[in-house]
Amino acid sequence: MDFAAMQKQYPAQVPTEVHSHQNRWDPYVDNGGTSLAIAGADYVIVASDTRQSNGGYSINSRTEPKAFKLSNNVVLATSGFAADAKRLVEVLEQNALTYFYKHNKQMTAPAMAQMLSNTLYGRRFFPYYVFPILAGVDAQGKGALFAYDPVGNMERVNYQAYGSAAALVQPFLDNVVGFKNQRGADHNRLIERDEAMRFAVDAFTSATERDIYTGDWLDIFVIDKDGVKHEKRELKHD
Amino acid sequence: MNRIAEQLTLSASDSPNNQLDGGSSNICGTGVQFELASGNNPAAFTQQYTDVKSERDARIKMDHGTTTLAFKFKHGVLVATDSRATSGNVIASQSVKKVIEINPYLLGTMAGGAADCSFWERVLGMECRLYELRNKKRISVAAASKLLANLVYRYKGMGLSMGTMVAGWDESGPGLYYVDSEGQRVVNDLFSVGSGSTFAYGVLDSHYRFDMSVDEAKDLGRRAIYHATHRDAYSGGIVRMYWVKEDGWVAYPLEDVGELYFRYHPEIKLTHAAESPLAAQRAA
């Protein structure tokens, strides 16, 4: 008996659509790119590239920022799924504004950090596919850097790299910023601003060489008690 | 499963605008709201993308944490953990705080999903404080652990991963409970939780006595964590140790497990020992 005839004979029992397991709804895409941040005694440097890919071999944009200034002293660097990152930034900006209206003061960096953790966990069962790094200065003027996993586990750190080239950049930072595996080094030293800037730029030029999803342009933010400064540098476009 | 999902699914009144208020204002008591994926089975959706145990190549890898232990003894409760968080096969951090300070006399530990542990133990801290304000006395360890167990039981089956020990000192003396996201809550004098727990149990069970001195207890906790970090790939970093006594907990200085290796194996001589990265620690 052929299929059409079978359908007529057993109308409700024969499945008329077959769902292949490969056709599951997949809401996430990894748009690639890398972000890093380094905190010092009185500053934080945030650097992220601006290449956005479609998860495969094509580039969506060479000039799509991944780091966003949330307030006069807080910057959020993202990596992972760009649409979720964009939405996350919108939610955080709204929450910061609401806080300002309720309390008549700007949210401090540690307060924003906890708020980001709670916001991420609010989507524990449908996560934001974003790896955020929140950067600011704390009440003492010291550089404050918070790194998160996609569901909100928060840790205050001195440096962090996330994204497609994280495996290339993080070990480099572990060595030159964290002084790991260095003989006779002072582990407790926080590096200077100019050193951090050189490391950040070198990390990206090297990452651009070996990671196809990293490159094009580099956004650099420097945050200190006087505010946020932004500059752009060029990376290789190949 | 569906009943739980129905309870938790957004109703029509939870418009996107209300949800913009993020996690902060929606968390009041136990009325925490979560956004779920639409469809019949949001739990299965989440599991597809986040559950590392059943989906080997899950897209979203959460940080998992790994060897924790706690035991009661004559002078209180000793709590010791490692500090490594792994995200798949990558070490996400070597400096995670896996002992969560709920309040000055209650500690919780973190094993399993790091975000799950730190979030729910923070909610627990809030509930404990509310209890104090309502009842004008400190909450007991039994009650605190029960609050936590009941909080996470509502989400049973949805993929939470949390294996925590609640340690404290209340009117009935030192208290220690194990609570997990499967709904278990048990009391005992000694627990170890996490992927390295089997190794820690070996050391703990061999030398544990209730009437140990504080120094002996610290040494036992330190050794147990060290051995677990040595053999378990998912454990490592530093040993964090706390002692809960009658007037609250006390934190101890951190110790790197790499350094503990040479301390416990004095027969192993390192070439160029003076120049090695941890030489300064060894001398101290």
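**Figure 1. The open sheet of chain B is built from five strands in this predicted model.** The strands follow one another across the sheet in the order 6-7-9-10-11, and their pairing is antiparallel. As a general point for reading such a view, strands of a sheet pair through backbone hydrogen bonds, and the pairing may be either parallel or antiparallel. Strand 6 (99–103) and strand 11 (185–187) of chain B stand at the edges, and because each has a single partner strand, one side of each is left without a neighbour in the sheet. When direction is ignored, neighbouring strands of this sheet are turned against each other by 25° on average.

**Figure 2. Strand 7 and strand 9 of chain B are joined by bridges.** A student who wishes to locate the pairing residue by residue can begin with B:L106, whose bridge partner in strand 9 of chain B is B:G168.

**Figure 3. Helix 3 of chain A crosses helix 4 of chain B.** Two packed helices are described by the angle between their axes and by the distance between the axes. Here the axes of helix 3 (residues 109–121) of chain A and helix 4 (residues 114–135) of chain B come within 11 Å and cross at roughly 110°. Because angles of 65 to 115 degrees count as roughly perpendicular, helix 3 of chain A is roughly perpendicular to helix 4 of chain B. The crossing of these two helices is left-handed. Helix 3 of chain A contributes A:Q114, A:N118 and A:Y121 to the contact, while helix 4 of chain B contributes B:A115, B:D116, B:F119, B:W120 and B:R122. Sorted by class, the residues of this contact are four nonpolar, two polar and two charged.

**Figure 4. Chain A contains five helices and 12 strands.** Along its principal axes, the C-alpha trace of chain A spans about 80 × 50 × 35 Å. Of the 238 residues of chain A, 53% count as buried.

Notes. Residues numbered from 1 in each chain as written. Chains lettered and ligands numbered in written order. Predicted model: local features only at pLDDT ≥ 70, side-chain atom pairs only at ≥ 80, totals over all residues. Heavy atoms only, no water. Axes fitted to C-alpha atoms, helices over the stretch in contact; angles between N-to-C directions. Helix = DSSP H or I, 4+ residues; strand = E, 2+ residues; numbered from the N terminus. Parallel < 35°, antiparallel > 145°, perpendicular 65-115°, else oblique. Left-handed = near helix turned anticlockwise from the far one by under 90°. Contact = heavy atoms within 4.5 Å. Nonpolar A, V, L, I, M, F, W, Y, C, P; charged D, E, K, R; others polar. Pairing = 2+ DSSP bridges. Buried < 20%, exposed > 50% of the residue type's maximum accessible area, 1.4 Å probe, protein only.
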